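Hi there,

Here is the structure I promised to pass on to you. Please have a look at it first, and then read my notes below.

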Amino acid sequence: MTRRSDSVIVVEAGAVTASAADLQRQQRYTPLYFSIMDDCEQLLAARSEERRPNSHCGWSAHTQSLESKMVEDFRRRLKYFFMNPCEKYKARGRKPWKLMLQILKIAIITVQLVSFGLSNQMMVTFKDDNLMTFRHLFLKGYKDHRLGGYDLYTKADVYDHIYYVIDRYLNLQNLTVGNLAYEMAEGQYTPLSVCQEFYRNTSIDPGNDTFDIDPHIDKDCISIYPVRLFDNSSVPEHVNFSLDFKRLLSVSIYLTLKTINLQTVRHHELPDCYDFHIMIMFDNRAHSGKIKVDVENDVRIYECRDWNVEGTSDKNDYLLLSFDSVVIIACFTSLILCTRSVINGIQLQFEFNIFFHAYYNKIVSWSDRMEFVNGWYILIIVSDTLTIAGSALKIGIQTKYLTNYDVCSILLGTATMLVWIGVIRYLGFFRKYNILILTLRAAFPNVIRFCCCAAMIYLGYCFCGWIVLGPYHDKFRTLDKVTECLFSLINGDDMYATFLKLRDKSYMVWLFSRVYLYTFISLFIYMVLSLFIALITDTYETIKHHQQDKEPVSQLQAFIAECRDQPESGRYQTDEEPALCCLSPRCCFG
């Protein structure tokens, strides 16, 4: 006997009860759901009659037929979900819109990246060339091929170089071949500032091994305006500047210069105006008798206030902005389509989990459940998000509202990389080209676990090399340099130079360095790296074996493999999907 209500279906005599929440989830299916539910109820009534002592056995064939039909429908639905776009087109005539959109994206995103890359390259080249110009202009005796740092060792050299910088700054307009000019603020030129940092009070006598020092740091600055107030007299006569080298920590010279990047005109782009905030530092913090000299350059890019380029119009700018807008629209459409596909896959994964647990009384493994979450769609979603953000920044740069070239290049570069990596997905539609993806996916969990174990040994060597060899070897001076050096050694790069640099050190350090380097190279090249390669090779052989034998490697694949219907068979030509309740034997076959 069966009683039906609005929210719950109760099947007496051992039947299964479906909750209101289950029925709410089922309402997303087509109206065919109600007719299937009627068939289920008739089947359940027939089965209840069979359990009576005087019932007939004619129900059995109808029950098995309905059960088989529902299982095959669900199996066919799963097989259709995992088809590639070409097979889906053959099965239901569904046009591969996402595939065509991804191919279009590859073309337009690559064109956009190349266009922005040329502009970014001009900007970076212009900045680097100006930095080299400033070094030649303001550093006395600077040479491009100079090895090592730019260092000073005498007081006279320090004074001479400081006065040299001031003199070159005051005579800049008569010296430079570039379009450099002084910065103006509130109607007057921005001055050059010479600032020295020093200990407040100190008394040092190395001969008597005594010192008295106040660690508080004071700062004193003088400003020199770019106006030639003296004729042929020297700069020291007009600049009152003295240094106490016993207390001196550093001398910093700050100056600001302006210029315009005119080379963009040849590429039909509006020139940008640049502010170069230059700092020339004389570093004496070590008090080792050597003062290091370095030039640092901070750049601000902005739109020129008044410009005119003869023979040009805004048409090119509008075309570039329109093209970037098309890229954003295409990526936003792709983002919506792929997000919808991911959501559908997650929903189908829950349905398969319920079905498999109810029909076979088994728990679906985590790996099988993740098969429904298409990693390629996740990759495309990330790529689309980065492209949209990068394109928005690019529009801001072209309209001169933003100057974040580095952030924009990182976003667009990463997005383009992911787009081109996604091309492998379409090669995977062909069986022989799919071996790489299958191997990477199967080996990834074991590779991560292996790398975590190897990283512990690697970090141990890094810390040991940094603390022991750091004072004696430039490649081990900082922790990040140690990691880079050891990674280079694993790949066989610059081995002899690393050994050679420690040859003239003390015997104990030399002996330790040999034991350290020999054990590290032997352990990681001959053991760790070999095991890493063997791990991937073993996975490749396993995947190759399964492909040759055509054996399903999971419960999900084995379940779908029982469906023999080809895409061209016409069995997929339906828009209806079976209700979730009738996919469960507990609902229809209590």
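In helix H5, His136, Leu137 and Phe138 meet Tyr164, Val165, Arg168 and Tyr169 of helix H6 (contact means heavy atoms within 4.5 Å; helices, H or I with at least four residues, and strands, E with at least two, are DSSP runs numbered from the N terminus). This is a predicted model, where local features need pLDDT of at least 70 and side-chain atom pairs pLDDT 80 or more, while totals for chains, interfaces and linings use all residues. Residues are numbered from 1 along each chain as its sequence is written, and side-chain values use heavy atoms, without hydrogens and water.

By class, the contact of H5 with H6 has five nonpolar residues, one polar and one charged (Ala, Val, Leu, Ile, Met, Phe, Trp, Tyr, Cys and Pro count as nonpolar, Asp, Glu, Lys and Arg as charged, and the others, Gly among them, as polar).

Now for the salt bridges. Side chains of opposite charge can pair when their charged atoms come close. The count comes to ten salt bridges (a side-chain nitrogen of Lys or Arg within 4 Å of a carboxyl oxygen of Asp or Glu). One of them joins glutamate 197 to arginine 285, with the closest N and O atoms 3.8 Å apart. This pair links distant parts of the chain, 88 residues apart: glutamate 197 lies in strand E7 (residues 192-199), and arginine 285 in the loop between strands E12 (272-283) and E13 (291-303).

Finally, leucine 479 is found in helix H14 (residues 479-490).

Best wishes
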